[in-house]
Amino acid sequence: MEMNSIYLIKEKNGMKKDFSLLLSMMDYARFTSIMEVENLPVKVLDYRCHDEANSIGMLLAHFDAVEKIYQALTFEQWTDDEIEAYAEELEPALSLGSKAAEKIKGNSVEYYLENLQRTRKSTIEQFKKLDEAWLYDETDWWYGEKGNNFFKWFHVFEDEINHRGQIRMIKKLYAKENQPTIAE
């Protein structure tokens with residue numbers, strides 16, 4: 001992430017123009033996510049406001065799983081069965097829910113951020129290898145409509161932005177629930 005240009009959507013060193021623009025947006029989304037979670041203790045990362053809720057740790061694992069499945073969906077030429085098997089490997093972080101709540105806990109923020117960094121590094125390496133025309137390749141996608149790779153990668157960081165809103169809410173709920181009362 002190039003911090004001296006975090007607020008600029010522009011060409012980046014070593015990237016073709018359209019990939020640079022996409023990565024600029026992805027970097028800013030990730031930067032703001034990191035700002036929300038850095039230095040959080042495990043108890044805050046694992047906090048769930050009710051039994052059906054996500055924790056911050058679950059959401060960070062989800063960011064990583066979503067990026068990994070989109071790497072497979074867009075960079076690889078896998079069969080539907082191979083994609084389905086890989087998606088199962090990424091569970092429960094990919095779908096979240098009660099199984100994720102059982103398995104995704106007890107990890108430090110560094111653990112989650114290192115995974116995210118490693119996955120993003122792999123994404124960037126692939127972006128550097130591809131021709132810009134790849135971004136505009138259309139395939140059958142959702143609801144019987146076409147989608148291109150640019151949209152698919154937009155969705156990766158759009159999903160992160162949506163869940164970052166949840167992270168902010170979880171932090172507020174945790175703080176409210178854990179504020180000492182005057183009697184304490």
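The exercises below concern a predicted model of one protein chain.

**Exercise 1.** How many helices and strands are there in the chain, and in what order do the elements run from the N terminus on?

Solution. 
- Step 1: The chain has seven helices and two strands.
- Step 2: Read from the N terminus, the order is α-α-α-α-α-α-β-β-α.

**Exercise 2.** What box do the C-alpha atoms fill, and what percentage of the residues count as buried?

Solution. 
- Step 1: Along the principal axes, the box of the C-alpha atoms is roughly 65 × 40 × 25 Å.
- Step 2: Buried means under 20% relative accessible area. In this chain of 184 residues, 46% count as buried.

**Exercise 3.** Which residues does the cis peptide bond join, and where is proline 92 found?

Solution. 
- Step 1: The cis bond joins glutamate 91 and proline 92, with omega about 5°.
- Step 2: Proline 92 lies in the loop between α4 (80–90) and α5 (98–103).

**Exercise 4.** Asparagine 39 and leucine 96 each have a positive phi. Is asparagine 39 buried or exposed? Is leucine 96 buried or exposed?

Solution. 
- Step 1: Asparagine 39, with phi of about 75°, sits in the loop between α1 (17–37) and α2 (42–45).
- Step 2: Exposed means over 50% relative accessible area. Asparagine 39 counts as exposed because its relative accessibility is 67%.
- Step 3: Leucine 96, with phi near 65°, is placed in the loop between α4 and α5.
- Step 4: The relative accessible area of leucine 96 is 12%, so leucine 96 is buried.

Key:
Residues numbered from 1 in each chain as written. Predicted model: local features only at pLDDT ≥ 70, side-chain atom pairs only at ≥ 80, totals over all residues. Heavy atoms only, no water. Helix = DSSP H or I, 4+ residues; strand = E, 2+ residues; numbered from the N terminus. Buried < 20%, exposed > 50% of the residue type's maximum accessible area, 1.4 Å probe, protein only.
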